[in-house]
Amino acid sequence: MASRNMKLPIARKKDRHMNQAMPIPAKHRAVPGIDLATLRRLLAYREKNRLRWLLPVFMDALDLNAPEADALLRKVAAAGYIEWMAPHDTNEEWSLTAHGSRLIADPMQERMNRAQATAILDKVLERIRRINAAPDRLVYVRDARLYGSLLDEAASSFGDVDIEITLCRRPLPEEECARVQQLLSAKVPDSWHSNPILRHQPERRWDERQAKKEIRQGLKGLSLSEDVTQELGCAYRVVLDYDWETRSEASLTGEIIPRTTPSPDRSAHEEDAPVPDVTIIPPLGLLDPDEGLPGQDLHLCCEKLSFQEARAWMGEFQGQGRSVLDTRKMERADLRFAGAAHLFPDWKDRSLTGLELFVRALDWAAGHDFPIAKAPRRYMLRTYDKTRIATFAGLVVKRVADRVEAYLVPSETIPGGEYLKQHGTKGEITPRMVAAHHAICVALGRMLDETRLTGRVSSQLDFDLDGLRRNHWPALPDLSRVSGILRRGLPKVQIPEAVLKNARRRKGRYSCHLPIEREVEIEFDRDVHEAGMLTASFRTNLSRWLPGDEPRDDDDWVDLPGEDELISALEAEERRLDFISNDLPGCRRIKIWHEAPIKA
């Protein structure tokens with residue numbers, strides 16, 4: 001065991017949500033209430049997720065209720081980007097038009113002149129030649145084809161440079177192929193081997209991905225693709241033709257191969273489909289804000305509230321059209337809570353920090369005498385194994401990609417839910433309670449985002465806000481820098497070969513890793529060190545596996561190569577972690593640790 005004591009830092013989080021408005025290309029129609037970049041992103045998301053309605057997509061992304069999102073969608077339809085399909089298909093509402101498809105295909109970036117476009121083309125060819133000349137690869141680029149507007153010699157401005165490549169596997173001798181595969185196998189992520197698709201020839205797939213990544217890197221105006229000219233039948237010119245057998249490029253004629261399909265006529269006027277008078281219908285049977293239903297009969301989830309609200313307002317499909325939906329007749333009562341989250345709209349203000357929103361939601365709940373307001377204001381944030389969760393008062397919040405997942409009915413069995421036994425109100429949940437619980441979950445998810453800990457290292461943050469009153473609640477600090485030091489520095493700690501040899505002998509038969517632990521832990525515990533002392537411990541069980549039959553004592557410990565560099569890097573963070581101990585309200589404990597097992 002080796003332990004080091006030190007004081008450690010954390011910097012204030014920079015504002016990462018600054019969005020600059022993009023210039024509106026003249027060829028696209030403007031839509032009041034939404035910029036074209038955001039509209040393009042939402043339409044593209046809808047096209048990739050065909051099973052989702054566009055109404056809840058807009059509600060989730062823009063924090064709108066159903067009538068507000070519907071009004072905006074009608075403006076988008078009036079501009080010609082979408083059309084109403086509900087009368088024709090029960091599974092559809094809005095569908096993309098040709099205008100919408102062109103908006104998605106537009107990279108929405110500043111146009112470049114011919115010299116800039118040619119420079120991108122030259123850079124791509126240079127990188128392809130470097131890939132083909134590299135010895136430790138399984139693939140090569142057989143040919144590259146230029147298509148799109150750059151073929152037009154009369155054109156002077158371009159949105160992007162369209163290049164198609166063909167990647168092929170190198171016909172290497174068996175021994176050479178095995179050598180390269182062994183080199184690449186060390187770079188292939190472990191997750192690929194459990195993936196039903198990627199686990200087949202993972203080294204070749206990894207090399208293909210890396211080759212395309214190397215070609216694209218840093219080239220903002222490049223559109224790199226495969227098999228486009230054949231699928232679309234568009235014109236192209238071969239700009240590189242590589243023969244693996246001779247290890248040389250063939251001479252090129254510069255001939256443009258004509259397109260094999262009719263050219264699309266975009267000059268013809270496309271009439272916009274009429275927008276119907278009614279696209280949503282107010283549902284019947286929604287609960288009053290303080291009308292309750294038994295919580296055990298509900299399945300209210302934070303991530304499904306928008307869809308359930310949209311489902312209620314879309315109505316029922318009956319033969320020739322849609323009719324009003326009576327939520328009281330539905331098998332599940334969840335739809336009767338449609339729109340509940342909007343009863344406390346503060347969560348829509350994205351300028352509020354997670355702590356500020358958390359306190360506001362609890363104060364609002366206390367004003368209505370909700371049970372959750374009577375729970376101790378203690379909560380925990382955790383990250384581990386690429387997972388981010390928070391727990392408070394019987395609620396478990398999971399931050400996943402772009403959404404917050406949480407069951408909005410608190411449970412006595414979840415840590416912090418003990419208050420329900422004393423303060424629970426007959427187990428009933430009202431829409432106003434759902435609004436409070438939803439805002440609390442959003443606040444906890446916002447705090448997880450503020451730390452910028454993604455689960456690549458493990459962490460635990462404990463807070464106790466009982467009795468605290470402040471005029472300002474700051475954002476949680478950015479802990480990604482400390483996380484990065486642990487994640488990058490720990491694998492560099494080198495284990496002596498004698499120890500590795502002994503560990504291989506003692507390894508379990510089915511274990512993927514050697515019985516050696518490499519772990520770094522940084523911990524701040526206000527209850528133990530009121531002065532703000534932080535303790536960093538470098539712990540391993542290496543002493544158990546030193547050469548010899550008997551375990552060694554801690555007195556036999558020697559510094560490992562790379563250990564001093566890691567500890568020194570952590571010591572450099574002293575000021576930033578001092579900020580936590582002094583300025584972060586209610587923080588009782590911060591613990592960040594990382595493990596770097598050694599593959600067998």
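**Entry 1: strand E9 and its partners**

I began with strand E5, residues 139-147, and found that it pairs with strand E9, residues 236-243, in the antiparallel sense over five bridges. I note here that I am reading a predicted model.

I then followed E9 to strand E11, residues 256-257. E9 and E11 pair in the antiparallel sense over two bridges. Arginine 237 stands opposite isoleucine 256 in E11.

I also checked strand E10, residues 248-249, which pairs with E9 in the antiparallel sense over two bridges. Here tyrosine 242 has glutamate 249 in E10 as its bridge partner.

**Entry 2: the turn**

I asked myself how many residues lie between E9 and E10 in their hairpin. I counted four residues between the two strands. In that turn, I noted a positive phi of about 55° at arginine 247.

**Entry 3: two helices**

I moved on to helix H14, residues 480-489, and helix H16, residues 563-571. Their axes come within 10 Å and cross at roughly 175°. I therefore wrote down H14 as roughly antiparallel to H16, since angles over 145 degrees count as such.

Which residues meet where H14 contacts H16? From H14 I listed Ile485, Leu486 and Gly489, and from H16 Leu566, Ala569 and Leu570. Sorted by class, the contact of H14 with H16 has five nonpolar residues, one polar residue and no charged residues. I put Gly489 down as polar, because Gly is counted in that class.

Methods: Residues numbered from 1 in each chain as written. Predicted model: local features only at pLDDT ≥ 70, side-chain atom pairs only at ≥ 80, totals over all residues. Heavy atoms only, no water. Pairing = 2+ DSSP bridges. Axes fitted to C-alpha atoms, helices over the stretch in contact; angles between N-to-C directions. Parallel < 35°, antiparallel > 145°, perpendicular 65-115°, else oblique. Contact = heavy atoms within 4.5 Å.
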